[in-house]
Amino acid sequence: MNETRITVAHSPDSDDAFMFYGLASNNVDTGGLAVDQVLADIETLNRAAFEGKYEVTAVSFHAYAHLADKYALLGHGASMGDNYGPIVVARADGGPHTVKGARVAIPGTLTTAYLALRLYEPDFDYLVVPFDEIQQAVLDGKAEAGLLIHEGQLTYADEGLRKIVDLGEWWSERTAGLPLPLGGNIIRRDLGTEMIGKVSKMLHDSIAYALAHRQDAVQYAEQFGRGLDRERTDKFVGMYVNDLTLGYGERGRKAVERLMSEAFEKGLIPHRVVVEFAA
């Protein structure tokens, strides 16, 4: 009997790697599934999802707003910023103090960071730059400001940059403390209910295993940290892998609903998105 193979795609980042530690270390029952992991930056994954390329993939919630007909949202694996999130920075020795009218380097037009920035301030120019080259683009003067995701949120001050705004702080303040939903795991609807349930359990168990074996999982994740030491890797993982990652709960669901409804009302996504989970 042939194995059923599925591909799970996620970002090559320490927080995503941490979530998949249970699977990567063969400590999770896959229910007979053979799992291939594909690593690519989030904007590449967003674009691939439009083609239905991978059965299971991490995507930005901004991208998911365009994909809900083809993919279902899994109940596990969300990255949410709880009073922290993507940060807009400028050079410490100059540059703008507001986003309005600035030329901002962004990590992709389908990222939730870009969506949140447009909710915060619609009047700016942008330049798409690979997420791990944004700090340098600002330092080199290619952009006046940069929208940082991933580890740059912890390292920008060391690199000669200063904060203009933390979009997670801004979102929390205006939503009475809701987290800012950034990315989640989605699964192709054509896999059917049984397979979706099996994959959902597998991903939940992988995250739960990592949280229960944190030290080993952080050590594994450190190799994906792009220059973060163990302490900062642990801090970054803790920011984006927590109870909300294991399950959205009421607070997480409300946060996604709030983001989607505001984005629709401002004309930033094409239609209303009903927030429902596959399993």
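Which residues line the largest pocket? I started there, with a predicted model in which local features need pLDDT of at least 70, side-chain atom pairs count only at pLDDT 80 or more, and totals for chains, interfaces and linings use all residues. Residues are numbered from 1 along each chain as its sequence is written, and side-chain values use heavy atoms, without hydrogens and water.

Entry one, the largest pocket. I found its lining to be Phe131, Asp132, Gln135, Gln136, Leu139, Ile149, His150, Glu151, Gly152, Thr155, Glu159 and Arg226. A pocket here is an open set of points on a 1 Å grid over the protein atoms alone, where a 1.4 Å probe fits, with protein on both sides within 12 Å along at least five of seven lines; lining residues have an atom within 4 Å of a point. I noted a volume of about 210 Å³ for the largest pocket, the volume being the space filled by probe spheres set on the points.

I looked up their number and got 11 in the structure; ring centres of Phe, Tyr and Trp (its six-membered ring) must lie within 6.5 Å, with planes under 30 degrees apart stacked, over 60 edge-to-face and the rest tilted. I picked Tyr84 and Tyr240, an edge-to-face pair at 5.7 Å centre to centre and 85° between the planes. I also checked Tyr240 for burial: it counts as buried because its relative accessibility is 3%, where buried means under 20%, exposed over 50% and partly exposed in between, with a 1.4 Å probe and protein chains only.
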